[in-house]
Every structure is written in structure tokens, then in C-alpha cells.
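Morning, everyone. Please take a look at the structure on the screen, and then we will walk through it together.

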Amino acid sequence: MRPTVLLETDRLLLRDWIDADAAPFAVLNSDPRVMEFFPKALSRAESDALMARERAAIAERGYGLYAVEERDSGRFVGFTGLAPVRFAAAFTPAIEIGWRLSRESWGHGYATEAARAVLDEALGPLGIPALVSFTAAWNRPSRRVMEKIGMTRDAEGDFLHPALHPGHKLAPHVLYRIAAAGRPDVS
Ligand SMILES: CC(C)(COP(=O)(O)OP(=O)(O)OC[C@H]1O[C@@H](n2cnc3c(N)ncnc32)[C@H](O)[C@@H]1OP(=O)(O)O)[C@@H](O)C(=O)NCCC(=O)NCCS
């Protein structure tokens, strides 16, 4: 059975998760290059739990971190989507836009292409007034995606990630924002 496609771009499908995603998702979550800016890579059980959580979130609230598939090949390449921020900070409650792609899928513009579609859906039909995105300050590739999709750095929002020791090299995080108000009307 084909999964439900939630969003389509020129080269990608953003869709519901399927059981067959679990293996390639575990591979990317265990790749130290993909997980360089996270405290640790994920075990198979942690990867499966993340997939299950997002599958349930999409079913329950209609959005979440979507599985991303390359249209030409049918290959699973990672996720892009929306998630309520799961910790308390000066900028929460808030909904985050985020992405994680397999190493082989970097350098094609896929993260930016998928994120643009998610952003338009979130600030448009889903009626979410504003989104945030954040990452370890050193994560240049992710910050570049934020900038390319039109998000603005809120330097006053920079924070130390509460799940990390304040002295951890990944603790300093940068905050980016975008609001529906003031965006060009694309309808
Ligand atoms: C963050 C991440 C998704 C970025 O992936 P990426 O492939 O570098 O990002 P993009 O989709 O923007 O593609 C970047 C490059 O593809 C290249 N490219 C090739 N073909 C392209 C095309 N048709 N259109 C656009 N860009 C293209 C461009 O050179 C572009 O680089 P540039 O912005 O310097 O010009 C990836 O590094 C990743 O998964 N990292 C690990 C997980 C992570 O850190 N997630 C974020 C946590 S907050």
C-alpha cells in the first residue's frame, strides 16, 4: 500500500512514515557525520522510537516530522517537518521546523527544497502564525538552510540547550524565527 503523500516538491515527496523506512532511518541516525551536532548517535531502538513518535504525531495532529522520499528513485532520504519544542526556554511554547538527511543526500538542495514546502504549508494552510528553528551554533549547514528559507536570526534568543551541560561544546544554540505576518502572499 502506498503511504499518504502530505507534500510534493519538484524532486521530493514528504509523506507518512512506512515500516520500510525504519532500516534506512536507523542507518542515518547511527552515522556520526549526520549526528555530529547532536550529543550522540541513536541506537536502533531510539531511532525506531523517534519514527513511531512522529508517525503517531502526524496521525493525531496532522503534522510532524515527515519522511522524505526522492521521487526519481523512491529512496528514503530522511525527514523534514514540524515539531512542538519539547523543552522550556524563553521562546517556548513554539513550533520548530527541522530536518535531518542521510549523508548521501546532502549537497543536492533537498533540505532547502523540503523545508520551503513545509514552511509554506505551516504558515499557510495549517495556520501556524510563526515558527522557530535552532541548532548548535557550529552547525553551519543547518543555519544555511534556515537562512535560505527566509528565517531571521534572533540573536537575543541564543540559548544554552537545557539538555546539555552548559560547558558542553554543543550547548550554545542559535535561534531563528519566521512569522506568517509580513510574508509575501503566495496564494
Ligand atoms: C542540515 C542538512 C539537512 C543540510 O543539508 P544540505 O544538503 O547541506 O542542504 P541543502 O538542501 O540546502 O543543500 C545544500 C547544497 O546543495 C547544493 N545543490 C546542488 N544541487 C542543488 C539544487 N538543485 N538546488 C539547490 N541546491 C543544490 C548547493 O550547492 C547547496 O549549497 P549552498 O547552499 O552552499 O549553495 C544536512 O547537513 C544534515 O542532515 N545534517 C545533519 C542533521 C542536522 O544537523 N540537522 C539539523 C539539526 S538542527
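In what order do the elements of the protein chain run from the N terminus on? The order is β-β-α-α-β-β-β-α-β-α-β-β-β. That makes 4 helices and 9 strands. Helices (H or I, at least four residues) and strands (E, at least two) are DSSP runs, numbered from the N terminus.

Two notes on where this comes from. This is a predicted model, so local features need pLDDT of at least 70 and side-chain atom pairs count only at pLDDT 80 or more, while totals for chains, interfaces and linings use all residues. Residues are numbered from 1 along each chain as its sequence is written, and side-chain values use heavy atoms, with hydrogens and water left out.

Now the overall build. Along its principal axes, the C-alpha trace spans about 45 × 40 × 30 Å.

How much of the chain is buried? Buried residues make up 49% of the 187. Buried means under 20% relative accessible area, exposed means over 50%, and partly exposed is in between (1.4 Å probe, protein chains only).

Next, contacts, meaning heavy atoms within 4.5 Å. Take those between residues at least 6 apart in sequence: 60% of them join residues at least 24 apart.

On to the core. A nonpolar core is a set of buried Ala, Val, Leu, Ile, Met, Phe, Trp, Tyr and Cys residues joined through side-chain atoms within 4.5 Å. The largest one has 45 residues. Which of them touch the most other members? They are Leu-14, Trp-17, Phe-25, Leu-82, Ile-97, Leu-131 and Ile-149. Helix H3, residues 110-123, gives the largest share of this core, with 9 residues. Apart from this core lies another, of 8 residues, including Val-85, Phe-91, Ala-94 and Val-132.

Let's visit some core residues. Phe-25 sits in helix H1, residues 22-29. Phe-25 is buried, at a relative accessible area of 0%. Set aside residues up to four places away in sequence, and Phe-25 touches Trp-17, Ser-47, Leu-50, Met-51, Phe-76 and Phe-79. Its C-alpha is 9.3 Å from that of Ala-67, 42 residues apart along the chain.

Now Leu-119, in helix H3. Is Leu-119 buried or exposed? Buried, with a relative accessible area of 1%. Not counting residues up to four places away, Leu-119 touches Ile-97, Gly-124, Leu-131, Ile-149, Ile-178 and Arg-183. Leu-119 and Gly-81 are 38 residues apart in sequence, yet 8.5 Å apart in space, C-alpha to C-alpha.

Ile-149 shows the other end of one of those contacts. Beyond its neighbours within four places in sequence, Ile-149 is in contact with Ile-97, Trp-99, Thr-112, Ala-115, Arg-116, Leu-119 and Ile-178.

Now for the loops. Where is Asp-72? Look in the loop between strand E3 (65-70) and strand E4 (76-84). Asp-72 is exposed, with a relative accessible area of 82%. Asp-72 and Leu-13 are 59 residues apart in sequence and 10.0 Å apart in space, C-alpha to C-alpha.

Arg-33 is in the loop between H1 and helix H2 (44-61). Arg-33 is partly exposed, at 47% relative accessible area. Leaving aside neighbours within four places in sequence, Arg-33 is in contact with Arg-103 and Trp-106.

One more loop. Pro-93 lies between E4 and strand E5 (95-101). A cis peptide bond joins Thr-92 and Pro-93, with omega about 0°.

That is the tour. Find Pro-93 in its loop on your own screen, then trace the contacts of Leu-119.
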